[in-house]
Amino acid sequence: MPEQPKQVGGGRRAVGDIAPKLAELTDDVLFADVWNRGELAARDRSLVTVAALVAGGDAEQLRFHLGRARENGLTETELVEAITHLAFYAGWPKAMTAITVAKQVFTG
């Protein structure tokens, strides 16, 4: 698998003051370990993560991960297509919420 950029979390910066353990797990386990495993490319991890967030209706986390997905090589066109595809599997309202978030992220 080709060399990929190291994935770094922002848990300590985002919530370290109120939830230090959650921040530590976010940075040291989720990002430093899971996101950097070589068995799946960061691009693929981003696509899976975006799909899970769309399916779960997690709009706030989706904002961050759409940006991360672009950094990891997914195009806006690919992300919009994934959301469109998910409308039929995750539900129309979730896809409409996700596409609204994507529009804000991509144009903001």
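How are helix 3 and helix 5 oriented to each other? In this predicted model, the axes of helix 3 (residues 42-56) and helix 5 (residues 76-90) cross at roughly 40 degrees and come within 10 Å. Angles from 65 to 115 degrees would count as roughly perpendicular and those under 35 as roughly parallel, so helix 3 and helix 5 are oblique to each other. Their crossing is right-handed.

| Helix | Residues in the contact |
|---|---|
| Helix 3 | Arg43, Leu47, Val50, Ala51, Val54, Ala55 |
| Helix 5 | Glu78, Leu79, Ala82, Ile83, Leu86, Ala90 |

Sorted by class, the contact of helix 3 with helix 5 has ten nonpolar residues and two charged ones, with no polar residues.

Let us stay with helix 3 for a moment, where threonine 49 has its place. A polar atom of the threonine 49 side chain lies 2.7 Å from the backbone oxygen of arginine 45. Leaving aside residues up to four places away in sequence, threonine 49 touches Trp35 and His65. Alanine 59 is ten residues from threonine 49 in sequence, and their C-alpha atoms are 12 Å apart in space.

Now for the whole chain. The chain has six helices and zero strands, giving the pattern α-α-α-α-α-α along the sequence. Its C-alpha trace spans about 35 × 35 × 25 Å along the principal axes. A compact globule with 108 residues would have a radius of gyration near 13 Å, and the chain's 14 Å agrees with that.

Note on methods: Residues are numbered from 1 along each chain as its sequence is written. This is a predicted model: local features need pLDDT of at least 70, side-chain atom pairs count only at pLDDT 80 or more; totals for chains, interfaces and linings use all residues. Side-chain values use heavy atoms; hydrogens and water are left out. Axes are lines fitted to C-alpha atoms, for helices over the stretch in contact, and angles run from 0 to 180 degrees between N-to-C directions. Helices (H or I, at least four residues) and strands (E, at least two) are DSSP runs, numbered from the N terminus. Angles under 35 degrees count as roughly parallel, over 145 as roughly antiparallel, 65 to 115 as roughly perpendicular and the rest as oblique. A crossing is left-handed if the near helix is turned anticlockwise from the far one by less than a right angle, and right-handed if clockwise. Contact means heavy atoms within 4.5 Å. Ala, Val, Leu, Ile, Met, Phe, Trp, Tyr, Cys and Pro count as nonpolar, Asp, Glu, Lys and Arg as charged, and the others, Gly among them, as polar. A polar contact is a pair of N or O atoms within 3.5 Å; within protein, one must be able to donate a hydrogen and the other to accept it, and residues adjacent in sequence count only if both atoms are side-chain atoms. The radius of gyration is taken over C-alpha atoms; the globule rule is 2.2 Å times the number of residues to the power 0.38.
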